[in-house]
Amino acid sequence: MMNKKHLVLLASAGAITLAGVATAQADTLEDTMERGAVQCGVSDGLPGFSAPDDEGNWQGLDVDVCRAVAAAVLGDADAVNYISLNAVERFTALQSGEVDVLSRNTTWTTTRDTTLGLNFTGVNFYDGQGFMVSRDLGISSASELDGAAICIQSGTTTELNLADYFRANGMEFDPIVFDTSEQTVGGFQAGRCDVLTSDTSQLAALRIQLDDPSGAMILPDVISKEPLGPVVRQGDDVWFNIVKWSLFAMLNGEEYGITSENAEEMLSSENPDVARLLGQDGNYGEGMGLEADWAYNILSQVGNYGESFERNVGMGSPLEIERGVNALWNQGGFQYAPPIR
Amino acid sequence: MSVSPNTRPAGHKPPFWRDRAKRALIFQLLLVAAVAAFLLYIVGNVQDNLSARGITTGFGFLGNTAGFGIVQSLIDYSSQSTYGRTFLVGLLNTLLVGGLGVLAATIIGFIVGIARLSPNWLLARLATAYIETFRNIPLLLQIFFWYFAVLRTLPSARDSLAFGEALFLNVRGLYLPQPLFESGFGLIPLTFLVAIVASIALVIWNKRRHEATGKRLPAYWISFLLIFGLPLLVLVATGVPVTWEMPELRGFNFRGGITVIPEFLALWLALSIYTASFIAEIVRSGIQAISHGQTEAAQALSLPRNLVLRLVVIPQALRVIIPPLTSQYLNLIKNSSLATAIGYPDLVSVFAGTTLNQTGQAIEVIAMTMAVYLTISLLVSMFMNWFNARVALVER
């Protein structure tokens with residue numbers, strides 16, 4: 001009797017065991033063009049980041065990264081095969097080649113970047129870990145959580161930060177560890193745990209899934225740095241560049257004021273930055289094996305980073321997350337893309 | 001012209017491929033070589049692939065600090081412990097639920113199996129209903145039933161169901177008082193051990209004396225008194241050097257005492273009840289396998305009913321019961337890996353779950369986990385085979 005998680009793990013381990021060495025250096029770009037679709041690993045349903053809508057189309061900030069890569073490579077943002085992965089499966093799935101991009105609210109850490117054979121391509125959301133508690137508890141700060149039972153999702157950096165935080169503050173806690181975020185919400189609702197902990201953005205998404213969202217509150221404390229970003233396999237630098245610059249194109253697009261609506265008019269813009277980005281001046285896609293209009297395809301079909309943010313997690317969405325540190329560098333945030341030159 | 005062995009000229013041996021024994025040897029050598037070559041290929045290929053992808057390999061990660069908490073551990077564990085320690089914690093949690101599950105399943109299984117043969121119509125039908133219900137519902141659903149439908153609906157910590165001032169049951173688990181032993185308590189386990197040794201000696205002596213003289217003492221009753229009475233006497237004599245730590249509601253939760261987490265309760269109940277339904281059938285079939293003539297013959301010797309069971313039926317029935325019982329024990333232990341579905345921190349959840357994900361060492365972790373289940377299963381098999389050999393009928 002095995003559950004799905006272990007089947008996936010075993011299958012992936014089997015793939016690593018039996019696959020020939022040659023596939024390790026496979027040309028991901030060529031494979032993707034041949035297949036006509038990007039293999040993209042997403043979450044098992046996290047509203048705002050990656051979740052299917054009521055028509056079954058995947059939507060979210062992380063999904064838009066997959067769509068941007070597909071637009072750049074294939075000229076069609078819809079040419080994506082979404083593979084839903086839980087926290088434990090995700091890296092094995094990427095290592096074994098089941099997915100080519102992992103865009104699944106994954107925190108960039110040393111271990112993950114250096115020992116797993118993976119590369120983070122950038123940060124599409126700066127997050128931090130927070131706590132959600134029931135309002136009835138009458139708690140206003142994380143420092144009052146001594147002795148609490150805390151629901152966490154297995155295989156996340158959250159599990160480590162939590163232990164660090166409680167130890168540093170000389171407090172105790174009971175970790176109640178579940179496989180999926182859905183189960184953690186279930187445990188929180190049933191009162192199995194007092195506190196639900198996760199990245200604050202996820203807490204906002206999970207809170208609206210509660211039966212009574214107003215009965216729960218997110219504590220103001222943020223206990224960790226969680227830079228979330230897309231991940232690719234090591235050893236294929238062309239593919240690494242494509243995923244990295246797809247995100248940069250969305251950020252630069254916002255900086256230069258190119259949106260999905262005005263992208264076509266912008267093609268005739270006098271601004272040299274815009275002309276270079278949209279492929280009107282030189283061909284900056286060539287070095288990645290792409291067409292000159294790669295960034296135009298991203299911006300016209302997916303939109304710029306700001307649009308994606310507002311649509312999926314910002315004030316225009318049920319999550320209502322402030323732009324905060326995720327604003328562009330010239331608007332008081334951290335989001336900064338190198339220039340197209 | 002066919003040549004028969006008898007007419008073969010002396011000194012002329014047939015070519016080796018005509019010799020059946022040599023041929024068999026060659027084929028076996030070829031097979032071993034093929035398997036070895038395949039394994040070598042796999043190991044080499046894994047190493048090539050992993051290094052080509054820049055994935056760190058080896059078991060060095062076991063010495064690194066784990067950095068995450070585990071809700072239930074039988075040994076000292078903190079987030080400062082190593083990944084190797086998480087392996088031990090997970091292993092012990094698996095053994096705990098497996099061991100207690102085997103115990104409970106055996107007890108329930110024997111009771112229900114015997115009840116099914118009872119001449120009491122109601123009792124027999126109840127046992128049948130039990131077996132047919134629990135045997136035919138998937139185990140995972142039963143675990144979910146106990147966890148989500150039964151234990152999740154218990155009241156919160158503040159409105160716990162209290163049994164006296166010592167026992168509390170709520171959605172966070174079962175809270176029991178914990179005995180704290182003071183100095184001088186060491187005498188009691190010591191007396192207990194002495195009583196057990198004395199009882200064994202008494203039973204052996206009594207058996208020999210019975211065979212030699214036909215006289216015997218009620219040795220089992222005396223042993224029972226020795227094992228339970230003597231330690232109790234010492235306990236009272238030393239002034240009961242035990243205090244009880246009561247669970248108390250402080251802050252969010254009950255503190256102090258022993259906490260049995262609901263994940264454990266749900267898994268243990270589901271595993272025991274499910275496996276017991278199979279064991280009950282095994283027990284019933286074992287008893288029915290003994291021909292009724294044996295019982296009648298024993299009764300004809302005017303043996304009382306309990307002695308008929310103890311001396312004639314059960315020793316022979318055990319012979320039939322034990323081999324399939326072994327399979328059920330193995331199933332129960334392996335099924336305990338379903339723990340991960342409800343978040344009980346067993347080996348699969350802690351080690352093949354969290355540790356695997358934090359370290360990314362998928363091949364090492366999965367291989368270790370599989371090796372553990374294989375080892376536990378082989379050990380249980382070995383023990384049961386030994387036990388089976390002991391109770392097997394000695395044909396004279």
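Visitor: Into which domains is chain A divided?

Guide: Please keep in mind that this is a predicted model. Chain A is divided into domain 1, made of 26-126 + 227-331, and domain 2, which covers 129-224.

Visitor: How many Å separate the centres of domain 1 and domain 2 of chain A?

Guide: Taken over C-alpha atoms, the two centres are 29 Å apart. To the contact, domain 1 of chain A gives 15 residues and domain 2 of chain A gives 14 residues. The side of domain 1 of chain A that touches domain 2 of chain A has nine nonpolar, five polar and one charged residues.

Visitor: How many residues does the contact take from chain A and from chain B?

Guide: The contact takes 45 residues from chain A and 42 residues from chain B. Next, one asks which elements supply them. On the chain A side, helix H1 (4-18), helix H4 (90-95), strand E9 (148-153), helix H6 (157-168) and strand E10 (173-178) each supply at least two residues. By class, the side of chain A that touches chain B has 22 nonpolar, 14 polar and nine charged residues.

Visitor: At what angle do helix H2 and helix H7 of chain B pack?

Guide: Helix H2 (residues 83-116) and helix H7 (residues 262-288) of chain B pack at an angle of about 40°, and their axes are 6 Å apart. Because of that angle, H2(B) is oblique to H7(B). The handedness is a separate property: H2(B) passes H7(B) in a right-handed crossing. Their contact has 17 nonpolar, six polar and three charged residues.

Visitor: What is the order of the strands in the open sheet of chain B?

Guide: For a sheet, one reads the order of its strands and then the sense of their pairing. This open sheet of four strands in chain B has the order E1-E2-E3-E8, with antiparallel pairing. Strand E1 (161-163) and strand E8 (258-260) of chain B stand at the edges, and each has a single partner strand, so one side of each lacks a neighbour in the sheet. From one strand to the next, the twist averages 15°.

Visitor: Over how many bridges do strand E2 and strand E3 of chain B pair?

Guide: Strand E2 (residues 167-170) and strand E3 (residues 173-176) of chain B pair in the antiparallel sense over three bridges. At the residue level, B:Leu169 stands opposite B:Leu174 in E3(B).

How values were computed
Residues are numbered from 1 along each chain as its sequence is written. Chains are lettered from A and ligands numbered from 1 in the order in which they are written. This is a predicted model: local features need pLDDT of at least 70, side-chain atom pairs count only at pLDDT 80 or more; totals for chains, interfaces and linings use all residues. Axes are lines fitted to C-alpha atoms, for helices over the stretch in contact, and angles run from 0 to 180 degrees between N-to-C directions. Angles under 35 degrees count as roughly parallel, over 145 as roughly antiparallel, 65 to 115 as roughly perpendicular and the rest as oblique. A crossing is left-handed if the near helix is turned anticlockwise from the far one by less than a right angle, and right-handed if clockwise. Ala, Val, Leu, Ile, Met, Phe, Trp, Tyr, Cys and Pro count as nonpolar, Asp, Glu, Lys and Arg as charged, and the others, Gly among them, as polar. Domain bounds come from an automatic or database domain assignment. Two residues are in contact if their C-beta atoms, placed from the backbone, lie within 7 Å. Two strands pair if DSSP finds at least two bridges between them.
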